[in-house]
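This report walks through one protein model, from its overall make-up to individual residues. Keep the structure open while reading.

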Amino acid sequence: MVGLCISGGGAKVGFALGVLEIMESKGVKPNLVYGISSGSLCTAALCYGSVDFLKMQLLEIRKKEDILDPQWFKALIAQILGLGNADGLFSMKTMRKKLGKLPEDKPVMKGVVGYVDLNGGGITYISSLDVEKKDFLDAVQASCSIPLVMQTQRLGDEVRVDGGVRDMLPLKQLIDDPLKVDEIHIISLNPVTPDQKQIEKKIMPVALRTIDLILNEVLQNDLKIAKIYNMMLEKGLDNLVPGKRMIKFYEYIPTQFICDSIEFNKDNIQKGIDHGLEIANKVLKNYH
């Protein structure tokens, strides 16, 4: 059984597409996929569409406004005058329309995505096998909503935002899934070591850089799970991880900076794809 785990990373999502294309060409067929934030977009595409569908949608993005709708003024009015409900600089309407184009009515595999409820602070994981398609896509949209930058999703008593706030890479959840996969492919959209860059004296670049650094720290901790997990089993410490099994891990991690989280445009998408193809070809060079 093969599992796939895809981290968040916003506009770096092209990297995941490049990896997925090579995985498909090598005959790697996931039975289960977990995704957070932009990784949840890939999860939705694999559950209700295909790698080709994901590629078509991403290559249609020429500029940021092709996927995010600016609502700066509405957000300003809402915060100053209390009029309206805009609480992010960008609306998610266009992104949701793209999700609505997914061709399959029923999931072709199990996919799990996560979002955080700001009220309680906890993270909720939603499986494509347990809810209707609309409810699953609601969870995907919420999982992509970077706090302050993008509009929150308010459903019932919940205020939903990006699952990456609590879990940048849902690897532990994938390992513990009842399907008990014994091969896991981990796609990180961010380098393990933060890139060096000069930050402009503006609010948005400072905010985005801060978010990226926080998420990078979370990612580093999550990636350690894979190494510690098998190391404990190899050393005979299985009593500390009862019911576990040896798992073969494949890691796809960028070695260069691709772009900032909301820098959606044609060049950045293609840059991510090209780097994903490069890394996946190396990782899967001798794949059985």
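## Overall make-up

Buried residues make up 55% of the 288 residues of the protein chain. The model is predicted. The protein chain has nine helices and 10 strands.

Take the contacts between residues at least 6 apart in sequence: 76% of them join residues at least 24 apart.

## Helix H1

Helix H1 covers residues 14-25. At 1.5 Å a residue, its 12 residues should span 16 Å. The end C-alpha atoms of H1 are 17 Å apart, which agrees. After H1 comes Gly27, with a positive phi near 80°.

H1 is mostly covered, with 10 of its 12 residues buried. These are Gly14, Phe15, Ala16, Leu17, Gly18, Val19, Leu20, Glu21, Ile22 and Met23. What do the buried residues of H1 pack against? The partners are strands S1 (2-6), S9 (183-187) and S10, along with helices H2, H3 (51-59) and H9.

## Helix H3

The buried residues of H3 are Val51, Phe53, Leu54, Gln57 and Leu58. Seen down the helix axis, they fall within an arc of 160°, so they line one face of H3. An α-helix has 3.6 residues a turn, so residues three or four places apart point the same way.

The cover over the buried residues of H3 includes H1, H2, helix H5 (93-99) and H9.

## Nonpolar cores

In soluble globular proteins, nonpolar side chains tend to be buried together. Here the largest nonpolar core has 61 residues. Which of them touch the most other members? Leu20, Met23, Leu68, Ile187 and Tyr252 do.

Neighbours within four places in sequence are set aside here.

## Aromatic pairs

The structure holds three aromatic pairs. One of them joins Tyr48 and Phe136 in a tilted arrangement, 5.9 Å centre to centre with 50° between the planes. This pair links distant parts of the chain. Tyr48 sits in helix H2 (residues 38-48) and Phe136 in helix H6 (residues 133-143), 88 residues apart. Both Tyr48 and Phe136 are buried.

Tyr250 and Tyr287 form an edge-to-face pair, 5.4 Å centre to centre with 65° between the planes. Tyr250 lies in strand S10 (residues 248-252), and Tyr287 in the segment after helix H9 (266-283), so the pair ties together parts 37 residues apart in sequence. Tyr250 and Tyr287 are both buried.

## Lys248 over a ring

What lies over the face of Tyr250? Lys248 does, at 5.3 Å from the ring centre. Lys248 also belongs to strand S10. Its relative accessible area is 46%, so Lys248 counts as partly exposed.

Beyond its neighbours within four places in sequence, Lys248 is in contact with Asp182, Glu183 and Ile184. The C-alpha atoms of Lys248 and Val181 are 9.4 Å apart, while 67 residues separate the two along the chain.

## Phe264 in its loop

Phe264 is in the loop between S10 and H9. Is Phe264 buried or exposed? Its relative accessibility is 5%, so Phe264 counts as buried.

Excluding neighbours within four places in sequence, Phe264 contacts Gly10, Ala11, Ile61, Lys63, Lys64, Ile67, Leu68 and Ile269. Among these contacts, Leu68 is also one of the residues that touch the most other members of the largest core. Phe264 and Leu58 are 206 residues apart along the chain, with their C-alpha atoms separated by 9.5 Å.

## Positive phi outside glycine

Leu148 has a positive phi, near 75°, in a residue other than glycine. Leu148 is in the loop between H6 and strand S7 (153-155). Its relative accessibility is 68%, so Leu148 counts as exposed.

Lys180 is not a glycine either, yet its phi is positive at about 50°. Lys180 is in the loop between helix H7 (171-176) and S9. With a relative accessible area of 49%, Lys180 is partly exposed.

Methods. Residues are numbered from 1 along each chain as its sequence is written. This is a predicted model: local features need pLDDT of at least 70, side-chain atom pairs count only at pLDDT 80 or more; totals for chains, interfaces and linings use all residues. Side-chain values use heavy atoms; hydrogens and water are left out. Rings of Phe, Tyr and Trp (its six-membered ring) pair if their centres lie within 6.5 Å; planes under 30 degrees apart count as stacked, over 60 as edge-to-face and the rest as tilted. Helices (H or I, at least four residues) and strands (E, at least two) are DSSP runs, numbered from the N terminus. Buried means under 20% relative accessible area, exposed over 50%, partly exposed in between (1.4 Å probe, protein chains only). A charge sits over a ring if NZ of Lys or CZ of Arg is within 6 Å of the ring centre and within 35 degrees of the ring normal. The expected span of a helix is 1.5 Å times one less than its number of residues. Contact means heavy atoms within 4.5 Å. A nonpolar core is a set of buried Ala, Val, Leu, Ile, Met, Phe, Trp, Tyr and Cys residues joined through side-chain atoms within 4.5 Å. The arc is that of the directions from the helix axis to the C-beta atoms.
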